[in-house]
Amino acid sequence: MVREAFIAMYLLLFKLIFSICKLFPQKDKTTFVASFGENVFYVAKELQKWEKHQLIILKTKSCRRDFQELHPSMTKTIMFTPGKIKSFITGIYHLATSKVVFIDNYYGFLAAIDFKEGVKCIQLWHAAGAIKRFGLQDPSIHNRSSKAMQRFQDVYKRFDYVIVGSEKMASIFKESFGLHEQNMLRTGIPRTDFFFDEVQHHTIITQLQDTYPIIKEKQVILYAPTFRDGQLNHYELALNIEDMYKALGENYVLFLRLHPAVKTRLGNQYPNFVQDVSSYPNINHLLLITDLLITDYSSIPFEFALLQKPMVFYTYDVEKYKVERGFWGDFQEQLPGPIALTTNQVIQYIQTNSFDLQEVEKFSAAWNEYSYGQSSRNVIDVIYKQSPSEQ
């Protein structure tokens, strides 16, 4: 009750401010709302090839992406959080007066507003694929109130288009958001353009070698588990670091990439083996230097598969997670790597090299069907239907 009352007050205030701002003339500009930022960055970077088009990026508190690489004369980044009242109201103004709005997550405020006629709202989302259910198919929403369920549906109705990278993901979006075929844009996922830029790869790898010199000597294992409810203020690493060190420490270094919502400090007893890279802003950069990925229900494997490298799925709590979050299809059948329930199994798979890269290739082909290095350009061509002024 308290939660719903707070949300209702927030949305009412947002609607009031938006309605006032909507009285101002519409501008020739595009506004992005970024929680994750990668897809936003690549679309904005491509859009900068147009002259006389202002770009506004509303950066939420959770967004770790740095947009400083974008041209400052064309792009303005604003912190978009209720705690910063002036910038928050400014952000609402831009939403109310833009011709195109891109978002990369679920934003409840969409349920309370109506854009000007002709405005396009495009959902970029933040993942190329999905293992766990979300949106209207998330089992965890079944205990929410009828008002909350209506709010979810009202938000999804605001999406004119959803960017997809495969037929698999198009089907999932239709079920998750209650949308239709005409809402799907098969352009590929903008952030995957990064994996086709070999020149940039070389520069980034060199920079990471300077930051983490140990990767010049040892292979990199990246452990990137998904966030679980209840881990916000208390977190215990499920992977046994001591066992990993004893078995693999001679030839490998273990990079830990924890969810940004996790607020914890893990005591590192093996500084020559364990590196905490949770604060590193760009996961795709880290994937370039990763020789082997350990994850679970995360969306990272869908993009990592483009690099044709091995991965292990450490799903120690699979039965519990299946009930609480749910999976798309047969969970075990769709994964392109061995499934481990214990740290010892993870170690065994690595030591015996129990990986089939042909399965990784098939996985990538299925989920990255439309992502081949031109996704950002494809998005711009469809949404703006014009050609860049400069190539």
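The legends below describe several close-up views of a predicted model.

Local features are reported only where pLDDT is at least 70 and side-chain atom pairs only at pLDDT 80 or more, whereas totals for chains, interfaces and linings use all residues. Residues are numbered from 1 along each chain as its sequence is written, and side-chain values use heavy atoms, with hydrogens and water left out.

**View 1. Helix H1 packs against helix H3.**
Two packed helices are described by the angle between their axes and the distance between the axes. Helix H1 (residues 2-21) and helix H3 (residues 85-97) have axes 8 Å apart, at an angle of about 60 degrees; helices here are DSSP runs of H or I with at least four residues, strands are runs of E with at least two, and both are numbered from the N terminus. The axes are lines fitted to C-alpha atoms, for helices over the stretch in contact, and the angles run from 0 to 180 degrees between N-to-C directions. H1 and H3 are therefore oblique to each other, a word kept for angles that are not under 35 degrees (roughly parallel), over 145 (roughly antiparallel) or 65 to 115 (roughly perpendicular). The crossing of H1 past H3 is right-handed, that is, the near helix is turned clockwise from the far one by less than a right angle, anticlockwise being left-handed. From H1, Tyr 10, Phe 14, Ile 17, Phe 18 and Cys 21 meet Phe 88, Ile 89, Ile 92, Tyr 93, Leu 95, Ala 96 and Thr 97 of H3, where contact means heavy atoms within 4.5 Å. Sorted by class, this contact of H1 with H3 has 11 nonpolar, 1 polar and no charged residues; Ala, Val, Leu, Ile, Met, Phe, Trp, Tyr, Cys and Pro count as nonpolar, Asp, Glu, Lys and Arg as charged, and the others, Gly among them, as polar.

**View 2. H1 also meets helix H4.**
The axes of H1 and helix H4 (residues 146-157) come within 11 Å and cross at roughly 40 degrees, and H1 and H4 are therefore oblique to each other. This crossing of H1 and H4 is left-handed. On the H1 side Glu 4, Ile 7 and Leu 11 take part, and on the H4 side they meet Lys 147, Ala 148 and Arg 151. The contact of H1 with H4 has, by class, 3 nonpolar, no polar and 3 charged residues.

**View 3. Strand S1 is covered on both faces.**
In a regular strand the side chains alternate between the two faces of the sheet. In strand S1 (residues 29-34), 6 of its 6 residues are buried, meaning under 20% relative accessible area, while exposed means over 50% and partly exposed lies in between (1.4 Å probe, protein chains only). Lys 29, Thr 31 and Val 33 belong to one side, and Thr 30, Phe 32 and Ala 34 to the other. S1 pairs with strand S2 (residues 54-59) in the parallel sense over 6 bridges, pairing being assigned if DSSP finds at least two bridges between two strands. Thr 30 has Leu 55 as its bridge partner in S2. S1 also runs parallel to strand S4 (residues 100-103), to which 4 bridges join it, with Ile 103 in S4 as the bridge partner of Val 33.

Strand S12 (residues 311-314) and S13 run parallel and are joined by 2 bridges, with Ile 339 in S13 as the bridge partner of Phe 313.

**View 4. Loop residues Thr 290, Gln 308 and Asn 353.**
Thr 290, in the loop between helix H8 (283-289) and S11, is buried, with a relative accessible area of 0%. Leaving aside residues up to four places away in sequence, Thr 290 touches Val 220, Leu 222, Phe 304 and Lys 309. Gln 308 lies in the loop between helix H9 (300-304) and S12 and is partly exposed, at a relative accessible area of 31%; its phi is near 55 degrees, a positive value in a residue other than glycine. Asn 353, in the loop between helix H12 (343-351) and helix H13 (357-367), also has phi near 55 degrees, and Asn 353 is exposed, with a relative accessible area of 55%.
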